[in-house]
Amino acid sequence: AARPVRPIRPGVGLGRSGQTKYSVLAIGTSTGGPNALAELLPRLPPNFPVPIVIVQHMPPIFTRILAERLTSSSHLKVVEGSMGAVLQPGNAYIAPGDYHMTIAKGSSTTVVTKTNQNPPEHSCRPAVDVLFRSVAEVYKDRVLAVILTGMGRDGALGCAKIKQTGGEVLAQDEASSVVWGMPGLVAKQGLAEK
């Protein structure tokens, strides 16, 4: 049976002027993640003010299919990350299966995605920690990270790095998670604001 999903409150993360204090939304997920993303992304408005970068533990081909599915069901354009793709507000970039995805400064005004096949971390490629470390390095205190349902410990070290640089972390609660491994560890380590 499907679990009820709490609606996103309007204005979460927005200052008094309506401007977000974040420059990027980074999401990490695994087991149960495609359904969690299918609940979350359609709730974001078409004028979402920042780019979204996502690691979903999945093999090749399936990440492209997931991106297409999420594009058709949301207001956002969702694509697989590729070498040199410039991050744009209102677009989401999913790490391609069997590739780590990172971000880096492309120029003085752009940030781009990069992909590599460096060794797996926590037996995962793509790994959430790899993406989150790069997000923390580029965006510092302007990161909002979200850890969704998933098995294992991937994401905890990346969340610690995001917290170190002044960013904020949210973790999916146990009741709505298929597996509360990844978000549970982040919550138990005191890394999540909520």
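Which backbone oxygen does the side chain of Gln-172 reach? Keep that in mind as we look at this predicted model. The answer is the oxygen of Ser-176, at 2.8 Å.

Now place the residue. Gln-172 sits in a loop, between strand β8 (168-171) and helix α5 (181-188). Is Gln-172 buried or exposed? Its relative accessibility is 13%, so Gln-172 counts as buried, because the cut-off is under 20%.

Who are its contacts? Leaving out residues up to four places away in sequence, Gln-172 touches Ala-36, Ile-147, Leu-148, Thr-149, Ser-177, Trp-180 and Pro-183. Gln-172 and Met-182 are 10 residues apart in the chain, and their C-alpha atoms are 9.1 Å apart in space.

Step back to β8. In a regular strand, side chains alternate between the two faces of the sheet. In β8, Val-169 and Ala-171 are on the covered face. Glu-168 and Leu-170 are on the uncovered one.

Next, the partner strand. β7, residues 143-147, pairs with β8 in the parallel sense, over four bridges. Val-146 stands opposite Leu-170. From β7, the chain passes through helix α4, residues 156-164, and on to β8. This β-α-β crossover is right-handed.

Last topic: cysteines. Cys-124 counts as buried because its relative accessibility is 15%. For Cys-159 the value is 0%, so Cys-159 counts as buried too.

Note on methods. Residues are numbered from 1 along each chain as its sequence is written. This is a predicted model: local features need pLDDT of at least 70, side-chain atom pairs count only at pLDDT 80 or more; totals for chains, interfaces and linings use all residues. Side-chain values use heavy atoms; hydrogens and water are left out. Helices (H or I, at least four residues) and strands (E, at least two) are DSSP runs, numbered from the N terminus. Buried means under 20% relative accessible area, exposed over 50%, partly exposed in between (1.4 Å probe, protein chains only). Contact means heavy atoms within 4.5 Å. A polar contact is a pair of N or O atoms within 3.5 Å; within protein, one must be able to donate a hydrogen and the other to accept it, and residues adjacent in sequence count only if both atoms are side-chain atoms. Two strands pair if DSSP finds at least two bridges between them. A crossover is right-handed if, with the strands pointing away from the viewer, the path from the first strand over the helix to the second runs clockwise.
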